[in-house]
Amino acid sequence: MSDLPTRVHPTPLQSAAQPHDEYLLGRYRVLERRGRGGFGTVCTCWDMRLQRRVAIKRMPLAAETGTTAAEALAEARTACMLGHPNIVTVFDFESDGTFAYLVMEHVDGLNLAELLARVEGGRLTGDECAHVLRSVARALAFAHENRVLHLDIKPTNIMVDRQGVVKLADFGMATLASAAGYGGARGGTVGYMPPEQIDGAMVDERTDVFSLAVVVWQALTGTNPFLARSAEDSRRRIAKGPGRLTKLCPGLDPGAEAVLLGELSPSPSGRSADALDFAEELVPHLGLPTMGVESLRDLVSQAEKDDEPGDDGRVRRAPSGPALRAPEGLVARLVTAVLTFSALRLVTPHVAVLDGAPAAAAPLVCALLSTLWPPAAAPLLAAALGAALVTSPGGSGAGVLLGILLFVALLLWWAVVGRRERLSSLALLLPCCLPSPACGAALSGYALDPGPAALTALLGYLTGTLYHAAVTASFDPTALADALVTRASEPVTWLLLAGSVACAALSSAVALRGSVAGGVLGQLLGLACLGASCVLAASMENSGIWSALDWSTLVLALLLSVLMCIATVLRGPLYEDREGEEIDEFSE
């Protein structure tokens with residue numbers, strides 16, 4: 001017999017009340033009980049009114065539990081704030097004076113603890129961990145942006161559905177930040193809490209990052225290095241350290257160990273405060289999240305076939321040959337490094353403070369830095385281009401002002417957008433390294449949300465225009481000023497700028513539907529916007545009479561859009577955000 005709960009799939013014809021059925025709130029028929037946590041019991045129920053399955057967390061409002069109706073309502077309000085594809089949705093809240101009821105979506109799948117208990121070897125592959133990490137990091141980043149901490153991240157609170165979608169559940173421990181900052185922790189789970197949470201001291205985003213790092217370590221190795229009988233014993237184990245990941249997982253990229261050890265630091269100052277930064281740094285060392293989605297989908301589907309379990313009740317992965325694929329992000333790193341070198345080699349000879357060997361070596365050094373951390377490419381380009389404009393021989397006040405404005409604009413963009421997304425620097429480099437300044441639009445639409453995508457396409461177009469004019473004029477202030485005035489007086493410049501911004505914003509907006517088809521359609525619509533601006537520009541250039549189109553822009557736009565469509569297919573669904581997928585819950 002399977003150790004999974006028996007599932008009931010009622011139909012509308014089965015909605016009539018049965019003599020021995022148990023009901024909650026007179027509306028929800030209990031199908032199964034999923035487990036008991038520190039703040040209540042979770043039941044899978046059938047909504048008699050809307051004819052759908054839901055998960056209901058029932059919390060006793062008794063003196064001994066310390067939970068009041070006001071606190072339960074506060075939990076519901078906190079959870080309702082967090083509408084995100086990777087966070088379990090809360091539908092409603094009710095109270096009957098004895099119990100508080102939190103009604104949530106029902107995820108048709110398993111939590112991570114159940115999956116680890118069922119999967120052969122008790123651990124996930126690097127690809128599967130990469131997908132889980134990226135999904136939970138997105139959920140946490142959204143919660144943290146809304147000033148909400150989770151404070152109880154553990155395998156039982158991470159759900160994986162039949163489609164491989166990962167959702168974070170149970171914000172019952174969540175602390176909603178006040179204007180003065182986060183308060184002290186009010187509990188947690190031993191083995192996943194960092195020292196500051198064990199002590200009841202001040203907690204912040206780094207507390208959740210620590211817990212997520214523990215979950216990743218456990219998923220990779222099959223063991224929790226900090227699990228103990230008491231909080232004090234767990235604290236001692238944290239101070240001692242988790243051990244060597246490379247010994248437990250010999251085939252894993254050694255870089256993963258360094259990242260995880262940093263996030264498992266006993267001191268909050270040693271950890272990242274941004275869950276997305278943690279994921280961006282670790283995922284390339286783990287594998288391909290898109291492959292992890294497929295694998296988890298197969299594992300959950302196999303585990304839930306109660307009538308066809310393995311001989312020992314465990315699920316087994318299908319045998320596969322050795323995979324010779326580069327970690328996700330390696331191609332982006334290499335391309336970023338090549339474009340950084342290509343762009344800077346024409347700029348650094350014009351920086352007055354660099355002369356001879358330093359000017360020749362600077363592009364190579366910057367390329368190496370951008371390989372280690374791709375988002376660094378944009379500020380390096382801004383610094384080099386700004387310095388060349390400011391220090392050019394015979395430089396005028398206008399050139400100095402232009403260089404300062406460029407540096408400040410790119411630095412502000414980088415602080416808000418560029419440092420979070422690995423591909424954003426490429427969107428700025430492409431307009432500089434390719435003949436058309438509109439070349440970054442397709443990539444911006446692929447990698448960013450609509451607002452940041454439009455801003456990146458705008459800044460990339462302006463930076464590319466300035467870069468090409470400056471290089472052509474050999475950074476001579478007079479020649480550069482004449483070239484920029486000429487470009488600014490041409491309608492084609494502004495039409496292509498508008499087309500680039502529209503291309504990036506539209507392709508990103510359509511891609512936010514989450515599906516592969518949406519991503520491809522977004523790229524095609526963005527290409528149509530850019531093509532239309534080229535046609536209109538060609539018409540206006542000769543008083544309404546057709547002239548030669550800007551074929552270089554059109555061909556490059558077409559090639560880049562095709563590449564983005566291929567990347568969209570390989571990446572898979574953006575957020576796997578599908579309606580009707582429902583949840584089982586948190587537990588112990």
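**Labels and the cut-offs behind them**

Modeller: The largest share of the nonpolar patch, five residues, comes from helix α14 (residues 397–418); helices here are DSSP runs of H or I, at least four residues, and strands are runs of E, at least two, numbered from the N terminus. Bear in mind that this is a predicted model, where local features need pLDDT of at least 70 and side-chain atom pairs count only at pLDDT 80 or more, while totals for chains, interfaces and linings use all residues. Residues are numbered from 1 along each chain as its sequence is written, and side-chain values use heavy atoms, with hydrogens and water left out.

Biologist: Which residues make the nonpolar surface patch?

Modeller: V390, I404, F407, V408, L411 and L412, giving about 480 Å². Patch residues need over 30% relative accessible area and no salt bridge; nonpolar side chains (Val, Leu, Ile, Met, Phe, Trp, Tyr) are joined within 5 Å, like charges within 9 Å. The areas come from the Shrake-Rupley method with a 1.4 Å probe, and for residues only the protein chains shown count as cover.

Biologist: Why is I404 called partly exposed?

Modeller: I404, in helix α14, has a relative accessible area of 44%. Buried means under 20%, exposed over 50%, and partly exposed in between (1.4 Å probe, protein chains only), so I404 is partly exposed at its 44%.

Biologist: And what makes S508 buried?

Modeller: Its relative accessibility is 1%, so S508 counts as buried. S508 sits in helix α19 (residues 491–511). Beyond its neighbours within four places in sequence, S508 is in contact (heavy atoms within 4.5 Å) with G445, L448, D449, P450 and A453.

Biologist: What makes D47 and R27 a salt bridge?

Modeller: The rule asks for a side-chain nitrogen of Lys or Arg within 4 Å of a carboxyl oxygen of Asp or Glu. D47 and R27 come in at 2.8 Å, N to O, so the pair qualifies under that rule. The two are 20 residues apart, with D47 in strand β3 (residues 40–47) and R27 in the loop between β1 (23–24) and β2 (28–37). D47 is buried at 1%, and R27 counts as buried at 17%.

Biologist: How many salt bridges does the rule give?

Modeller: The count comes to 15. Among them, R235 and E232 meet at 3.0 Å, N to O. Both lie in helix α6 (residues 231–240), three residues apart, about one turn of the helix. R235 is partly exposed at 23%, and E232 is partly exposed at 41%.
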